[in-house]
Amino acid sequence: MTPDHNIDILISEVGPRDGLQSVKTTLPTELKMQWLTALADSGLREIETGSFVSPKLLPQMADAAQLVAHLRQRPDVFVTALVPNLKGAQAAFDAGAQKITLPVSVSEPHSLSNIRKTHVQVFEEVRAVIALRNEHFPHVEVEAGLSTVFGCTIQGEVPEDDVIAMALRMAELGVDEVGLADTVGYGNPAQVRRLFTRLRHEIGVKAGSAHFHNTRGQGLANVLAALDVGVTTFDASLGGLGGCPYAPGASGNIVTEDLVYLLESMGLRTGVDIDKLVAAREWLKRGLPGEPLYGFIPDAGVGKNFHYAGSAR
Ligand code: ZN
């Protein structure tokens, strides 16, 4: 049984960035490349390879440019990277990234503690990145990934009006897409439904991906809520890699293996082969011994009644 490679839902694999940036051990570049190849072989069509930050801040991301170049050998994969500032954007563009994501905290205290920038300074940076893209790299997509959208560990409550105002601001500044991220796993399905509905209403086709963390076990419930209101791109991480430093034992991003199973069982095509996806965990087990990996499907396997969406019964 193999999946249908026409897809209804795009899964953007963020383990190589969101996952690895949260683990202490540095995965050697050679193993990362083999892991990326295994992820691509599973049928994933979009992979966030890393983060173009200062290696002093995140030594495990120092090989971001090499990894982008490696994955660009795969014409079947859209190669993305996280970029916190203009310098990172230049490096990501030069390396050949096809899309960059700029993290923008809706909570200003979070922005200050995370990237030491006020909102006004963030707007300046986004404006500069868009100008650089427009002038020299017109084919590269730019997404603003709004973080702390569903709540913030510093500020607590984040008003929904603030989220929408920030999304509008980003759209005005010229980003192609605005995604909503539940950075700390505070979101619930009712909130997800409200925010994505408003997002689509306000910025139309620029409404982008949903990025959920499973810190409090609400991840897949939030996916269902987002599906209900028309979201078609979801970030996820193999093995839920990364965890959360503030919540011991909690997984990080929603688990790609479980997400693929959920979607395919519901009749939504992802193009991803679950067996190959589970096999890709071997590179993590080898390179990050002792690092917990999460997910129900890798342990339980698919049910006997499972078949891929679109495949013959
Ligand atoms: Zn995240």
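Lys117 is in contact (heavy atoms within 4.5 Å) with Asn85, Ser111, Leu112, Val122 and Glu125, residues up to four places away in sequence not being counted. The structure is a predicted model, in which local features need pLDDT of at least 70 and side-chain atom pairs count only at pLDDT 80 or more, while totals for chains, interfaces and linings use all residues. Residues are numbered from 1 along each chain as its sequence is written, and side-chain values use heavy atoms, with hydrogens and water left out.

Lys117 is located in the loop between α5 (108-115) and α6 (119-136); helices (H or I, at least four residues) and strands (E, at least two) are DSSP runs, numbered from the N terminus. Its relative accessibility is 17%, so Lys117 counts as buried (under 20% relative accessible area, 1.4 Å probe, protein chains only).

Strand β2 (residues 46-51) is largely enclosed by the rest of the structure, because six of its six residues are buried. β2 runs parallel to β1 (residues 10-13), to which two bridges join it; strands pair if DSSP finds at least two bridges between them. Glu13 has Ile47 of β2 as its bridge partner. The pairing of β2 with β3 (residues 78-82) is also parallel and spans four bridges, with Ser51 opposite Leu82 of β3.

The zinc ion has as protein donors (N, O and S atoms within 2.8 Å of the metal) Asp18 (OD), His211 (NE2) and His213 (NE2), at 2.0 to 2.1 Å. Asp18 belongs to helix α1 (residues 15-19) and His213 to the loop between β7 (207-211) and α9 (219-228), so the pair ties together parts 195 residues apart in sequence. Both Asp18 and His213 are buried.

Conventions: Donors are N, O and S atoms within 2.8 Å of the metal (3.2 Å for Na, K and Ca); water is not among the atoms, so sites may look incomplete. Buried means under 20% relative accessible area, exposed over 50%, partly exposed in between (1.4 Å probe, protein chains only).
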